[in-house]
Amino acid sequence: MDMMTAMIERNTAAETPVAETSQEQNLRTRAARWLLAGLRLALGWVFLWAFLDKVFGLGFATEAKNAWINGGSPTKGFLSFGAAGPFQGFYNSIAGAAWADWLFMIGLAAIGTALLLGIGVRVAAATGGLLLVLMWTAVLPPENNPFMDDHLVYAGVLALIAVTNAGDTWGLGRTWARLPIVKRFGWLR
């Protein structure tokens with residue numbers, strides 16, 4: 001009997017850390033999902049807020065007199081006077097163009113909305129990443145670093161959000177994923 005008790009105690013001792021590790025792993029996984037969902041929501045708000053501020057001139061980055069609804073151009077000011085570096089000529093040439101204004105504003109609104117809702121997160125992350133990299137190239141080199149700035153960091157976070165299905169937590173990602181077209185074309189997830 002003593003031998004049997006010793007074997008049970010040994011097995012129980014060996015199993016306890018595994019159970020605790022599994023519980024800790026579940027806690028870390030849940031915390032990571034929540035953190036990624038929070039980052040998704042934060043970046044969604046960054047994009048949607050930029051759209052709203054430029055449309056209505058809420059006085060943060062855009063004054064009311066320069067609002068899009070008041071005839072202002074969301075691209076003219078920055079691309080005309082803020083662009084620098086090797087792509088300055090290109091950005092200056094498209095500053096204030098109607099097609100650039102519309103693409104930029106549709107992009108901000110769509111990316112922000114998709115991220116906030118947790119739908120089409122892969123598409124939103126890809127287009128948001130592209131927009132951020134383009135914004136990064138408008139001011140090369142960055143002011144405070146030889147190459148790295150917040151645009152590239154945000155683009156990296158968007159990629160992380162896309163590959164981890166962060167729209168499933170605190171969003172409509174799971175419901176969206178069940179749509180037939182999304183099942184057929186996984187990149188729409």
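**Figure 1. Asn-165 sits in the loop between H6 and helix H7 (173–177).** In this predicted model, the phi of Asn-165 is near 50 degrees, a positive value in a residue other than glycine.

**Figure 2. The protein chain is built from eight helices and zero strands.** Along the sequence the pattern reads α-α-α-α-α-α-α-α. Of the 189 residues in the protein chain, 34% are buried. Among contacts with a separation of 6 or more, 61% come from residues 24 or more positions apart.

**Figure 3. Helix H4 covers residues 98–117.** Its 20 residues reach 28 Å from the first C-alpha to the last, close to the 28 Å expected at 1.5 Å a residue. Buried residues of H4 include Ala-100, Asp-101, Phe-104, Met-105, Gly-107 and Leu-108. Further along H4, Ile-111, Gly-112, Ala-114 and Leu-115 are among the buried residues as well. Just after H4, Gly-118 takes a positive phi of about 80 degrees.

**Figure 4. The largest nonpolar core holds 24 residues.** Within this core, Phe-47, Phe-51, Leu-108, Leu-115 and Leu-158 touch the most other members. At least two residues of the core come from each of H1, H4, helix H5 (121–137) and helix H6 (150–163). H4 gives the most, with seven residues. Another core, of six residues, lies apart from this one and has Leu-79, Ala-83, Ala-95 and Ala-138 among its members. Residues up to four places away in sequence aside, Phe-51 touches Met-105, Leu-108 and Ala-109.

**Figure 5. Leu-131 is placed in helix H5.** Leu-131 is buried because its relative accessible area is 15%, which is under the 20% limit. Leaving aside neighbours within four places in sequence, Leu-131 is in contact with Phe-47, Phe-104, Leu-108 and Ile-111. His-151 is 20 residues from Leu-131 in sequence, and their C-alpha atoms are 9.0 Å apart. The end C-alpha atoms of H5 are 24 Å apart, which agrees with the 24 Å that its 17 residues should span at 1.5 Å a residue. Other buried residues of H5 include Val-121, Ala-124, Ala-125, Leu-132 and Trp-136.

**Figure 6. A cis peptide bond joins Leu-140 and Pro-141.** The omega angle of this bond is about -15 degrees. Pro-141 is found in the loop between H5 and H6.

**Figure 7. A nonpolar patch lies on the surface.** It is formed by Val-46, Phe-147, Met-148, Val-153 and Tyr-154. Together these residues have about 420 Å² of accessible area. Val-46 lies in helix H1 (residues 2–56). Val-46 counts as partly exposed because its relative accessibility is 39%.

Methods:
Residues are numbered from 1 along each chain as its sequence is written. This is a predicted model: local features need pLDDT of at least 70, side-chain atom pairs count only at pLDDT 80 or more; totals for chains, interfaces and linings use all residues. Side-chain values use heavy atoms; hydrogens and water are left out. Helices (H or I, at least four residues) and strands (E, at least two) are DSSP runs, numbered from the N terminus. The expected span of a helix is 1.5 Å times one less than its number of residues. Buried means under 20% relative accessible area, exposed over 50%, partly exposed in between (1.4 Å probe, protein chains only). Patches are made of residues with over 30% relative accessible area and no salt bridge: like charges are joined within 9 Å, nonpolar side chains (Val, Leu, Ile, Met, Phe, Trp, Tyr) within 5 Å. Accessible areas come from the Shrake-Rupley method with a 1.4 Å probe; for residues, only the protein chains shown count as cover. A salt bridge is a side-chain nitrogen of Lys or Arg within 4 Å of a carboxyl oxygen of Asp or Glu. A nonpolar core is a set of buried Ala, Val, Leu, Ile, Met, Phe, Trp, Tyr and Cys residues joined through side-chain atoms within 4.5 Å. Contact means heavy atoms within 4.5 Å.
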